[in-house]
Amino acid sequence: MRLTWLGHACFSLEGSRTVLIDPFIPEGSLLVEPDIVAVTHAHADHLGMTVQLKKKTVAINEVAKYLASKGIPAEPMNIGGSITVDGVRFTMTPALHSSWLEEEGMGFYGGTAAGFVITMDGTTVYHAGDTALFSDMQLIRDLYRPDVALLPIGGRYTMGPEEAMVAARYVGAQLVIPMHYDTFPAIEQDVRKFKQAIERTTSIRVRVLSPGEGIDTGPESAGE
Ligand code: NI
Ligand code: MN
């Protein structure tokens, strides 16, 4: 599987299908043509260009209803549920965060915020969404054994680096990729320090990506 960070919380997973998660792309260039879009919650920095993309979209019930009203083929689900879409397995996990759909200056309830465990071609990726640290991340490890964890570290709106260090241990993935930092001044962090602190104290590897940069990950590439 090819995993690419497009900036902020947006990742593409390219394998037998192309999955795009949280398509808000700060620098603006969409490098892939997704088959499936997955949205963790309704905040604009996650919903992004979901409506314009017009692809099959996996989202929590309330967001899926909104998307369906815009003519998007939505796949509704909710926390704790799993679905398989075109051979790709999605499990919706809890996230400790809020959610709000905004449209033309108005806003309305967007359901709750979530994360995803996504399995494609034998590789399992956990995208935490926007979240605080919560101890049930250990259940995600026990139940789904993710190979890769995508964790927010920006602070202010999500957990910061200290909490994300604990999250990395709870989730237990061998590879952690930090996200949701440095997009704008309020969430600036020293990502090198985060990487060093985890790698000094655990066997977990942290891969810091630049927007647009991808890695191959999966059974055949030994976690790289
Ligand atoms: Ni958010
Ligand atoms: Mn966010």
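Histidine 46 and aspartate 130 are both buried, a term for under 20% relative accessible area, whereas exposed means over 50% and partly exposed lies in between (1.4 Å probe, protein chains only). This is a predicted model, in which local features need pLDDT of at least 70 and side-chain atom pairs count only at pLDDT 80 or more, while totals for chains, interfaces and linings use all residues. Residues are numbered from 1 along each chain as its sequence is written, chains are lettered from A and ligands numbered from 1 in the order in which they are written, and side-chain values use heavy atoms, with hydrogens and water left out.

**The manganese ion (ligand 2)**

- Asp45 (OD), His46 (NE2), Asp130 (OD) and His180 (NE2) coordinate the manganese ion (ligand 2) at 2.1 to 2.3 Å.
- Donors are N, O and S atoms within 2.8 Å of the metal (3.2 Å for Na, K and Ca); water is not among the atoms, so sites may look incomplete.
- Along the sequence, the donor residues of the manganese ion (ligand 2) have the spacing D-H-x83-D-x49-H.
- Histidine 46, in helix α1 (residues 44-47), and aspartate 130, in the loop between β12 (123-127) and α4 (137-144), are 84 residues apart, and the pair links distant parts of the chain.
- Helices (H or I, at least four residues) and strands (E, at least two) are DSSP runs, numbered from the N terminus.

**The nickel ion (ligand 1)**

- The nickel ion (ligand 1) is coordinated at 2.2 to 2.3 Å by His41 (NE2), His43 (ND1), His97 (NE2) and Asp130 (OD).
- Aspartate 130 bridges the nickel ion (ligand 1) and the manganese ion (ligand 2), and the two ions lie 3.2 Å apart.
- Histidine 41 lies in the loop between β4 (36-38) and α1 and aspartate 130 in the loop between β12 and α4, so this pair ties together parts that are 89 residues apart in sequence.
- Histidine 41 counts as buried because its relative accessibility is 0%.
- Aspartate 130 is buried as well, with a relative accessible area of 2%.

**Helix α3**

- Val63, Ala64, Tyr66 and Leu67 are buried in helix α3 (residues 61-69).
- These residues cover an arc of only 160° around the axis, which puts them on the same side of α3; the arc is that of the directions from the helix axis to the C-beta atoms.
- Lys65 and Ser69 are exposed, on the face of α3 turned away from its buried side.
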